[in-house]
Every structure is written in C-alpha cells, then in structure tokens.
Amino acid sequence: MKIKLNSIMVENQEKALDFYTRVLGFKKSKDIPAGEFRWITLVSPEGHPDVELALEPNANPDGKAFQEAMFKQGIPFAAFEVDDIEAEAKRLKAASVKFTMDPESMGSEKLAVFADTCGNLIQIYQPTGK
Amino acid sequence: MLHPELLRRLCQTRDWLREDAEPRPSVSEVARRAGIAPHHFIRLFRAVFGETPHRYRSLARIERAKELLIVTGQSVTDVCMAVGFSSLGSFSSLFTRRVGLSPSAWQRKHRPAGGRLRAMPPELIPGCLKLRASIPAKKAIPKKPAERRPAELAAIPT
C-alpha cells in the first residue's frame, strides 16, 4: 500500500488548475475529460514525481458543505511543505493571495495559512527543527 | 492578513448571496450587512473565493437551476425566475456556457420522460474516485511509474 494520490475539492476545476499551476507553481500531470468534469492531477516540480494531487470538483453538495464548514472554522484542507516560508508568503502575497495566518513559529515548524481561491484554506509549513 | 472575524463575515456573505427567498439582497446590501465597504468587499471576496460576488451568485443560481430543471421538471422560464434571474436570455447563455448544454437540452438529457426524481441522479454527483474510474485505465495510471523516477532516486529501492 502506497500513498501516491490525494485530492482536494475545488469550486471550479479550470480556475483551480490556473491557481495551482500559475500561482502556486505545481505542474499539470493529467487532464482527461470525465463526463461533465475533468480528471486533473498535479505534481510538484520540487517533490516526488509520482505523488499526485487531484483537483476534484466540489459538485457533491455534502462534500461542499464539509468544505465550507472547514473554511468557516479556519481549518486548512491540505498542507504543503516549503523550503523558505517567508519568501513563499511574500511571493504569494504579491500575487494577491490572502493569508489568514502569516508565517508563525510553532514548535519545530513555521506555519502560514492562505485561501486558495477555490474554497479551501491551505497551510504551508517549513520545518525548522527548533 | 485576514482577521478571523472578517473571514467569518466573508463566509456569511456567501450564504447571503445564495439566499433563495425574495427579497434577494443585492451585492451592496450583502456588503452592508457584513459591515464592509462595497468596493473593498468585491475585491476581498474575489481574492478569497476566486470570483466576484456578482458572478459567484450567478453561478450558484445556475447550479440551483440544474437541479430544479431535473427534479421539478418546471419549464426553463419558471426555473429562470425561480432562481432569481430576471432575463431569460442572460440565464440561458450563462447556463449554456457553464454547463455545455442549453437549459432545455440539459432537462431533456437528464429528466426521464414522465418520471419523477427526488434528487439529482447519482451520476451527476461526482467524486474523485468515481471520476478516475470513468476514464480508461491506461490514461489514468502511468504504465511504468518507475521510469519516471528522477536519476537521483534511482539508487533507492522501490
């Protein structure tokens, strides 16, 4: 058993693909029509090429309710590791990304949280080892 | 940085924009309820949710219309009015752009003739793995993932 695929629900697959590639910097791996929707996966150029993130449509009303409830409570839906959180936060803010938490040290990590424009809060973290 | 209270209020504005009962609040009324200046509200909403409040509301109405057309079997005009559009033309063109079918074609395709539905048919409620299952395996799963491993990882056993 391997962890190779994870998914994140998004409001609009086309816009999500743009945000996750152009703004966050992931690369499109697959983009295959699947009925009304698309099977879209991403990989990180800085991560393992076999680990993929699927951009799943949030058209399921129960899924959407869960997503909105998490957002309302300020709880991130996914977390991505970064090498330099201050530089990433600065870069994303310059691209008009809204943060709900600026980089802050917590235990052995520095964390920040931003809105992904697709209905989710995303955490980025930098292991500091302190 | 967005204060948690501002985030909470922005979430509330989404609910207000989707309000289904008359009188439906205007975008500036929603901004006023949230205590945010309308101009600032529009910019902030777009930065957080990816759409302007106006477009978010229109798209939410299209989603509602998709369901009503199938479940209630009401006419396109009735559904257009029921979800809050005042112009049949703008409703139909936005619906067609968003869904890929006109409202009447959508209704014909998904509502069984003379049938009654209580909810959206399950094939219209996608899930991640259902989507994956609906495409040919050879496209969904790389044939030989090991070949795509970068050279520096080649020495590490799989």
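**View 1. A salt bridge links B:Asp20 and B:Arg64.** The side chains of B:Asp20 and B:Arg64 pair up here at 3.0 Å, N to O; a salt bridge means a side-chain nitrogen of Lys or Arg within 4 Å of a carboxyl oxygen of Asp or Glu. Everything shown is a predicted model, where local features need pLDDT of at least 70, side-chain atom pairs count only at pLDDT 80 or more, and totals for chains, interfaces and linings use all residues. Residues are numbered from 1 along each chain as its sequence is written, chains are lettered from A and ligands numbered from 1 in the order in which they are written, and side-chain values use heavy atoms, with hydrogens and water left out.

View 2. Chain B splits into domain 1 (1-50) and domain 2 (53-137), with bounds from an automatic or database domain assignment. Each domain brings 11 residues to the contact (heavy atoms within 4.5 Å). On the domain 1 side, B:Leu17, B:Asp20 and B:Arg24 supply 49% of the area buried against domain 2, more than any other three residues.

**View 3. Chain A sits against chain B.** This contact draws 38 residues from chain A and 35 residues from chain B. About 3200 Å² is buried between the two chains, with 60% of it on carbon and sulfur atoms. The chains share three salt bridges. In one salt bridge, B:Glu51 and A:Lys15 come together through their side chains at 3.2 Å, N to O. Chain A's side of the contact has 16 nonpolar, nine polar and 13 charged residues; here Ala, Val, Leu, Ile, Met, Phe, Trp, Tyr, Cys and Pro are nonpolar, Asp, Glu, Lys and Arg are charged, and the others, Gly among them, are polar.

**View 4. B:Lys66 is a buried lysine.** Look for B:Lys66 in helix H4 (residues 53-71) of chain B; helices (H or I, at least four residues) and strands (E, at least two) are DSSP runs, numbered from the N terminus. The relative accessible area of B:Lys66 is 7%, which counts as buried (under 20%, against over 50% for exposed and in between for partly exposed; 1.4 Å probe, protein chains only). Leaving out residues up to four places away in sequence, B:Lys66 touches A:Glu36, B:Phe95, B:Val99, B:Trp106 and B:Met120.

Key:
Buried area is the accessible area (1.4 Å probe) that two parts lose on being put together, summed over both.
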